[in-house]
Amino acid sequence: MLRAEPAAPAREEDGKFFDAEGNPTYRIKADGTVDWYTYSGFRRYHGDCHSCHGPDGAGSTYAPALADSLKNMTYQQFTEVVIQGRQVARSGNTSVMPSFGTNQNVVCYMDDIYVYLRARAEGALNRGRPEKRDEKPQAAKDAEATCLGGG
């Protein structure tokens, strides 16, 4: 399941991991177990993003491979594009990324989707559903309930 030696997160807070700059990141244990948020990102990505961007962030004829895009995109840029959408014109061809700023199934799990795609971009996670995952932390349950209006 692992392809590259994953970078160690700089810090952890309630089961969520961050790099030295404070951006969300993943944690993959030596046995291939992914943190909850990376697993959740896989699920959320395949719920709302894969129909355009292809399975596992690998791209399609319709939209770019996000596993490649994240190699050159910051966390801030990623969230701006997802929330605001964007239009790109190249060689007489225009592609449109719609805004997902009002889609709670995306916005409430933005960090999860990002860390999943980051793990794919950095070569730390192969295609397909992660075989092993950490349990869902209480902080994730609380944040989900608050964001979705149930808490």
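Author: Happy to! One definition to begin with: rings of Phe, Tyr and Trp (its six-membered ring) pair if their centres lie within 6.5 Å. Keep in mind that this is a predicted model.

Reader: Thanks! How many aromatic pairs does that rule give?

Author: The count comes to 5 aromatic pairs. In one of them, the ring centres of Tyr 45 and Tyr 116 are 5.8 Å apart and the planes are at 45 degrees, so this pair is tilted.

Reader: Which helices do Tyr 45 and Tyr 116 lie in?

Author: Tyr 45 lies in helix α1 and Tyr 116 in helix α6, so the pair ties together parts that are 71 residues apart in sequence. Both Tyr 45 and Tyr 116 are buried.

Reader: Nice. What about Phe 78 and Tyr 114?

Author: They form a tilted aromatic pair, with 5.4 Å centre to centre and 55 degrees between the planes. Phe 78 is in helix α4 and Tyr 114 in helix α6, 36 residues apart, and the pair links distant parts of the chain. Phe 78 and Tyr 114 are buried too.

Reader: α6 keeps coming up. How many of its residues are buried?

Author: For α6, 12 of its 12 residues are buried. Among them are Met 110, Ile 113, Leu 117 and Arg 118.

Reader: What covers them?

Author: The cover includes strands β2 (16-18) and β3 (24-25), plus helices α1 (36-48), α3 (66-69), α4 (75-84) and α5 (104-107).

Reader: How far does α6 reach, and what follows it?

Author: From its first C-alpha to its last, α6 reaches 16 Å, close to the 16 Å expected at 1.5 Å a residue. Gly 123 follows α6, and its phi is positive, near 75 degrees.

Reader: Switching topic: which charged residues lie over the face of a ring?

Author: Lys 16 lies over the face of Tyr 37, at 5.3 Å from the ring centre. Arg 133 lies over the face of Tyr 39, at 4.8 Å from the ring centre.

Reader: Last one: where does Asp 134 lie?

Author: Asp 134 lies in the loop between α6 (110-121) and α7 (138-147).

Reader: Does Asp 134 count as buried or exposed, and why?

Author: Buried means under 20% relative accessible area, and Asp 134 counts as buried because its relative accessibility is 18%. Leaving out residues up to four places away in sequence, Asp 134 touches Arg 27, Lys 29, Thr 33, Val 34, Asp 35 and Trp 36.

Methods: Residues are numbered from 1 along each chain as its sequence is written. This is a predicted model: local features need pLDDT of at least 70, side-chain atom pairs count only at pLDDT 80 or more; totals for chains, interfaces and linings use all residues. Side-chain values use heavy atoms; hydrogens and water are left out. Helices (H or I, at least four residues) and strands (E, at least two) are DSSP runs, numbered from the N terminus. Buried means under 20% relative accessible area, exposed over 50%, partly exposed in between (1.4 Å probe, protein chains only). Contact means heavy atoms within 4.5 Å. The expected span of a helix is 1.5 Å times one less than its number of residues. Rings of Phe, Tyr and Trp (its six-membered ring) pair if their centres lie within 6.5 Å; planes under 30 degrees apart count as stacked, over 60 as edge-to-face and the rest as tilted. A charge sits over a ring if NZ of Lys or CZ of Arg is within 6 Å of the ring centre and within 35 degrees of the ring normal.
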